[in-house]
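Please look over the structure below before reading the report. The notes that follow take up a few places in the chain in turn.

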Amino acid sequence: MSICAIMQLMETEGVYFCDACGEEIVIPLDPSQGASQEYVEDCPVCCRPNVVHVEFDEEGEASVWAVGE
Ligand SMILES: [Zn+2]
């Protein structure tokens, strides 16, 4: 399978639970940033920063989770 086909299979939306308030947050994912990503995002509900981790497996399935900063 070509890289291009794999990219198209990848999910482009992920869900994590805010570490501070427990709300379910839906975020857009960008597979072009790599199979393993980590960035800080402020929770849209409680405004506290979460370190968001995103990992894509070989099928392009995304795992998303967050830990408090
Ligand atoms: Zn929150």
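## Contacts of A66

Leaving aside residues up to four places away in sequence, A66 touches Y16, F17, C18, D19, N50, V51 and V52. The model in which these contacts are found is a predicted one.

## The nonpolar core

A66 also belongs to the largest nonpolar core, which has nine residues.

In soluble globular proteins, nonpolar side chains tend to be buried together.

## Strands β3 and β4

Strand β4 covers residues 49–56 and runs antiparallel to β3, with seven bridges joining the two.

How many of the seven residues of β3 are buried? The count is zero, and β3 is hardly covered.

Six residues lie between the strands in the hairpin of β3 and β4. There, C47 takes a positive phi near 70°.

S32 lies in the loop that links β2 (24–28) and β3 (36–42). Is S32 buried or exposed? S32 counts as exposed because it has 7 C-beta neighbours inside 10 Å, and a residue with 12 or fewer is classed as exposed.

S32 and M10 are 22 residues apart along the chain. Their C-alpha atoms are separated by 9.9 Å.

Technical notes
Residues numbered from 1 in each chain as written. Predicted model: local features only at pLDDT ≥ 70, side-chain atom pairs only at ≥ 80, totals over all residues. Helix = DSSP H or I, 4+ residues; strand = E, 2+ residues; numbered from the N terminus. Buried ≥ 20, exposed ≤ 12 C-beta atoms within 10 Å, placed from the backbone. Pairing = 2+ DSSP bridges. Core = buried A, V, L, I, M, F, W, Y, C linked by C-beta atoms within 7 Å. Contact = placed C-beta atoms within 7 Å.
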